[in-house]
Amino acid sequence: MNKERGTSLPIGITMGCPAGIGPEIILKYYSSETGHDRPLSIVIGDKHILAETGRALHLPAPLHSWLPGTPPVADGINVLDLQTPALTGVIAGQPDRTTGAAMMSYLERAVQLCNRKMLAGITTCPISKTTMNAAGYDFPGHTEFLAQRTGSEQVIMMMAGSRLRTVLATIHCALESVPSSLTQQKLRTLIEQVHRALQVDFNICRPRIAVAGLNPHAGENCLFGTEEKEIIAPAVEQARQAAIEVSGPYPPDTVFYRAASGAFDVVLCMYHDQGLIPFKLLHFSDGVNVTLGLPLVRTSVDHGTAYDIAGQGRADHRSLKAAVEMAALIAANRKNNAEGCRGPQSAAEQ
């Protein structure tokens, strides 16, 4: 029996773009395990898209209509069917404005249900940023949309796996904009938020945070840049003064090896690819994207819509499996740690 079922409320899995691999990985996830081996969950999407995908890819699965507030059926896939009328004739791999509007409606409904305490959290299947914008949603991605819908001032993108966790100081911005986006106050606040999230969401009472430098060799005593001395190191010291176990800035070419070897619980990275390249090298198939700083639990697969292979039966569902399990675990941890962390001092002791 899966321990995370103790959260009692289901995790809501948003179907993502109907023309992407979201429907396929959902079907594969549910067919790969019995109901007792996975966390309680429901799918928010379109039932007929799932049914058509199942028939086309020979992935039979019983689909049950689910209504908010009712208990999910033990076996099969419970679906909150939004019945989008315009989704007739969807072709795998060919997204358009209609599929963009549909995928965003799944997210809108998931947030509503979390706010009404009818879901324990959300796991999102991949969306298309292009069709999201075409449908009238002016956001760079899931993270920024959820931040706006929940009124969250600063949200954090964490990539989490069994060997490595990385957190991003900047997310979707041009590389040339990264240095000007970093400030001592922003980094100190980020360190404090990550420290608290590891305690509450991941049940690590004394997390060990490593901070990566921005420049090669962490600046090499300012030979390759001054951001380490002027911005990053002072922020680290300020956080240390607040009794947070944080260290750095470390040379980016060595810190990830140390973290993956167990020296740190997370690496705080200065920009998107600095954190995602080493993470995906280790966790390409089973990594999870976690949004910290939201009032609701949100995890996601760590891959995109993969339109090039949509409808071909080639998609890997392991990241979805890991994301649903992590959402359930975080939801349970938040409930158990409401009055303080009850877990081990560090992840090494778990």
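Student: What does H217 count as, judged by its relative accessibility?

Tutor: H217 counts as partly exposed, because its relative accessibility is 43%; buried means under 20% relative accessible area, exposed means over 50%, and partly exposed lies in between, computed with a 1.4 Å probe on protein chains only. This is a predicted model, in which local features need pLDDT of at least 70 and side-chain atom pairs count only at pLDDT 80 or more, while totals for chains, interfaces and linings use all residues. Residues are numbered from 1 along each chain as its sequence is written, and side-chain values use heavy atoms, with hydrogens and water left out.

H217 lies in the loop between strand 8 and helix 8 (227–241). Helices here are DSSP runs of H or I with at least four residues, strands are runs of E with at least two, and both are numbered from the N terminus. Although H217 is not a glycine, its phi is positive, at about 60°. Q83 is likewise a non-glycine residue with a positive phi, in its case about 50°. The loop that holds Q83 runs between strand 4 (77–81) and helix 3. Q83 counts as exposed because its relative accessibility is 56%.

Another local feature concerns the backbone: the peptide bond joining G248 and P249 is cis, with omega about 5°. P249 belongs to strand 9 (residues 246–250).

Pairs of helices come next. Two packed helices are described by the angle between their axes and the distance between the axes. Helix 3 (residues 97–115) and helix 5 (residues 142–150) pack at about 40°, with axes 11 Å apart; axes are lines fitted to C-alpha atoms, for helices over the stretch in contact, and angles run from 0 to 180 degrees between N-to-C directions. Helix 3 and helix 5 are therefore oblique to each other; angles under 35 degrees count as roughly parallel, over 145 as roughly antiparallel, 65 to 115 as roughly perpendicular, and the rest as oblique. Their crossing is right-handed, a term used if the near helix is turned clockwise from the far one by less than a right angle. In contact (heavy atoms within 4.5 Å) are M104, L107, E108 and V111 of helix 3 with H142, F145, L146, R149 and T150 of helix 5.

For helix 1 (residues 22–32) and helix 11 (residues 318–336), the axes come within 9 Å and cross at roughly 70°. The two are therefore roughly perpendicular. Helix 1 contributes I25, I26 and Y29 to this contact, and helix 11 contributes L320, K321 and V324.

Finally, E339 is found in the segment after helix 11. E339 is exposed, with a relative accessible area of 77%.
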